[in-house]
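Hi there,

Here is the structure I promised to pass along. Please have a look, and then read on for what turned up.

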Amino acid sequence: MSCGKAVGALLVVLTVVVVTEGKWTEKVDPSCVFSCDAFKKSVSEGISNGAESISYDDLWDAFHFTDTHWVTSCDGNISDVFTNKCWGFDEQCGNYQEEFDCFNREHTWPKSWWGGDSGPDTAYTDLHHIYPGDGYDNSIRGNYPYCDVIPGTETRFTDNGGVLGETDTGSGRITCFEPADFWKGILARGYFYISVRYMDLFTCCEEPGVDNAAIDPWLEETLRQWHADFPPTDEEKYRNQVIHDQYQNNKNPFIDHPEWVDLICD
């Protein structure tokens, strides 16, 4: 690695993230100082180079290993981002009429936000933002952005305390979804990962909360606060490691290094 001239007003130490022979390694060179944009680019390349993907059907089996360890809910069974239910392996959706009928594959960064099947294939099955979720509640959340719901605007609730309501973006009120506190930091770090991993790959879409892979300032502020208020747990780190070792050969770096969030400007 050669060190170039620093650019930009905010200077940070450049961290180069690489995957070597299937092992996740990190190198920090204090002599190399770049802008936060250069740092973001470096991290993006590190979590993209050598990354692998699985099929959409394989997500069901992956959940058996990535989402059966959360000690707060479902040790040995599949946890749920929307409810406190512990799902059996054979309770996949299917049809549903109400909460607790079945669990689905919840893209926390909605598929419609990057074009779904017409966008990057890896995003469609990237476990760093896909979790088991109650099918009925999944349809309630839809493609609404995350937020802190304004008290008094609540219209729907999920079993674990998630709520559909409204927030003020600074440009007006929009409908949005606030997850349960337990999931806020986890989902925020998943968003940071997607925004950095696919920063040069998403060419669609402008939605409430995002523009391509860029997170709108109002949402980014909320997610940064959730990240600070709900730091990574051992269970989250375990899931991150399983995804690396068994499925994708990459990690969400903001779980192992939560301080990196502050080194990226946007």
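Below are some notes on the disulfides and on one asparagine.

Please keep in mind that this is a predicted model. The structure holds four disulfides, and I will go through three of them here.

Cys-36 and Cys-265 are linked with their sulfur atoms 1.6 Å apart, and the link is left-handed, at -95 degrees about the S-S bond. Cys-36 sits in helix α1 (residues 36–48), while Cys-265 is in the segment after α8 (253–256), so this pair ties together parts that are 229 residues apart in sequence.

Cys-93 is joined to Cys-102, with an S to S distance of 2.0 Å. This link is right-handed, with 95 degrees about the S-S bond. Cys-93 is buried at 14% relative accessibility, and Cys-102 is buried at 3%.

Cys-204 and Cys-205 also form a disulfide, S to S 1.4 Å, right-handed with 60 degrees about the bond. Here Cys-204 is partly exposed at 24% relative accessibility, but Cys-205 counts as buried at 13%.

Now to the asparagine. Asn-138 belongs to helix α4 (residues 135–141) and is buried, with a relative accessible area of 16%. Leaving aside residues up to four places away in sequence, Asn-138 touches Phe-82, Asn-104, Arg-105 and Glu-106. Phe-103 is 35 residues from Asn-138 in sequence, yet their C-alpha atoms are 8.7 Å apart in space.

Best wishes

Notes
Residues numbered from 1 in each chain as written. Predicted model: local features only at pLDDT ≥ 70, side-chain atom pairs only at ≥ 80, totals over all residues. Heavy atoms only, no water. Helix = DSSP H or I, 4+ residues; strand = E, 2+ residues; numbered from the N terminus. Buried < 20%, exposed > 50% of the residue type's maximum accessible area, 1.4 Å probe, protein only. Contact = heavy atoms within 4.5 Å. Disulfide = S-S within 2.5 Å.
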